[in-house]
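Please open the structure in a viewer and follow the stops below in order. Each stop names a selection and then describes what is found there.

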Amino acid sequence: MFSARIDIRAPANEVWRHLSDPALMASWMPGITSVRSCDGAPVRTGSCLAYTGRGRESLVTVIDSDPGVRLVLGSENNGFTATYIYAMTPGDDDTVTVSLDATCTARGIARCAVPIVRAMIRKADRWQLAYLKGVVERARDAQGGYRA
């Protein structure tokens, strides 16, 4: 559906914290006003996250969480399955490359609407990594630089 990649000037542990902490996720996800862990526990493989935005709550499953490396989120709704794969590759100079690969599939009658849903998701979420970069780098600058 779409892929994006961006370099973020911050230590990998800070990028991961912003990427995976429900309390920080809404700060860089367009249209999302809050994110919480369904059970109050930290994000881990198999956990559930509740996203609030656009007037409703949606549940997302953490399909895979490899701290500092990869976070895979998936959701199913009305015959559609969306999967977001965030991957981190630390550089040598406190720079982290973050990539996002998003896919959307459908079953049954929902398959007819896949092109429209894909376009809507791409429009809504293609800027996620740019927002993540801005939030992380502003936090780093406000604190005079992170200390790893």
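**Stop one: helix H4**

Select residues 128-142, which form helix H4. Its 15 residues, at 1.5 Å a residue, should span 21 Å, and the end C-alpha atoms are 21 Å apart, so the two values agree; the expected span is 1.5 Å times one less than the number of residues. Helices (H or I, at least four residues) and strands (E, at least two) are DSSP runs, numbered from the N terminus.

This is a predicted model, in which local features need pLDDT of at least 70 and side-chain atom pairs count only at pLDDT 80 or more, while totals for chains, interfaces and linings use all residues. Residues are numbered from 1 along each chain as its sequence is written, and side-chain values use heavy atoms, leaving out hydrogens and water.

**Stop two: glutamate 137**

Within helix H4, select glutamate 137. Glutamate 137 counts as buried because its relative accessibility is 8%; buried means under 20% relative accessible area, exposed over 50%, and partly exposed in between (1.4 Å probe, protein chains only). Now display Asp7, Ile8 and Arg9, which glutamate 137 touches, not counting residues up to four places away in sequence; contact means heavy atoms within 4.5 Å. Alanine 10 is 127 residues from glutamate 137 in sequence, yet their C-alpha atoms are 6.6 Å apart.

**Stop three: two loops**

Select arginine 54, in the loop between strand S3 (48-53) and strand S4 (56-66). Its phi is positive, near 55°, and arginine 54 is exposed, at 57% relative accessible area. Finally, select aspartate 94, between strand S6 (80-90) and strand S7 (95-106). Phi of aspartate 94 is also positive, near 55°.
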